[in-house]
Amino acid sequence: MSCSFDLAHYAEIVAAAREGGYRFAHFAGAPAEGSVILRHDVDLSLDAAVSMAEVEHDAGAGATYFLMTESVFYNLDSSEGVATIDRLHELGHRVALHAVYPNALLDDRFDPVVAWHNPDPDYMRAPLADGRINVMQEPWFDPATYRSDSNQHWRSGCPHDELRASAFPWLQLLTHPEIWAYPGETMGQTMRAMLEAEKARRLQQLADDRIDLG
Ligand SMILES: [Zn+2]
Ligand SMILES: [Zn+2]
């Protein structure tokens, strides 16, 4: 199995978790033995989030999508943003807040769960008030039961073998949809592929907005 950052291998990772006997869980009660919490921080692309969500839905897996209200890349208040939240829910997933410190204002679009975007160490693991869960606080975060795909690189290796072998007591698996939904051997290539797709989307939006592109 080659560990490429594409949706085909993401589906293999999800399948490996199932083969390892894991159940897919959310950020609610303390992580139970044998559970995998699929977390997605959506930094750049709502389209990528929906593509990943469909792969998980086909595999019968539920995930939590952390969406930003302060992104420079997408607008959650736009028709696309509203449609994305509806689609994620329709596919059986949960939606929570990918927040820019110190703003973690939750409205009724979000479960009471917060993942900080690019957090500094001084607040990264601090619990939040008012019943909100910080995904990096105890008991939801433990370095031994956490893997992430930052910048198209697994710091501790792709987890598919360990999942299949039931090697983790439980796991929080953070992946960023845009890394998987767009092709590229490196983060730079993947980002450029995303921008090409974005350009086509923007041209369509301009046409829809009755802009003369002639
Ligand atoms: Zn792998
Ligand atoms: Zn982020």
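Student: Which residues of helix 1 meet which residues of helix 2?

Tutor: L7, Y10, A11 and V14 in helix 1 meet S51, M52, V55 and E56 in helix 2. Contact here is C-beta to C-beta, within 7 Å, with C-beta atoms placed from the backbone. Helices are DSSP runs of H or I, at least four residues, and strands are runs of E, at least two, numbered from the N terminus. This is a predicted model: local features need pLDDT of at least 70, side-chain atom pairs count only at pLDDT 80 or more, and totals for chains, interfaces and linings use all residues. Residues are numbered from 1 along each chain as its sequence is written, while chains are lettered from A and ligands numbered from 1 in the order written.

Student: How is the packing of two helices described?

Tutor: By the angle between their axes and the distance between the axes. Here the axes of helix 1 (residues 7-19) and helix 2 (residues 46-58) come within 10 Å and cross at roughly 40°. That makes helix 1 oblique to helix 2. Under 35 degrees counts as roughly parallel, over 145 as roughly antiparallel, 65 to 115 as roughly perpendicular, and the rest as oblique. Axes are lines fitted to C-alpha atoms over the stretch in contact, with angles from 0 to 180 degrees between N-to-C directions.

Student: Which residues of helix 1 are buried?

Tutor: Buried means 20 or more other C-beta atoms within 10 Å of a residue's own; 12 or fewer is exposed, and in between is partly exposed. In helix 1, Y10, E12, I13, V14, A16 and A17 are buried. Their cover includes strand 2 (35-41), helix 2, helix 5 (160-164), strand 8 and helix 6 (177-181). Just after helix 1, G21 takes a positive phi of about 85°.

Student: Strand 8 is in that cover. What does L171 touch?

Tutor: L171 lies in strand 8 (residues 171-175). Leaving out residues up to four places away in sequence, L171 touches V36, T145, R147 and P159. L171 counts as buried because it has 24 C-beta neighbours inside 10 Å. From L171 to P31 is 140 residues in sequence but 8.4 Å in space, C-alpha to C-alpha.

Student: How many helices and strands does the chain have?

Tutor: The chain has 7 helices and 8 strands. Of its 214 residues, 35% count as buried.

How values were computed. Two residues are in contact if their C-beta atoms, placed from the backbone, lie within 7 Å.
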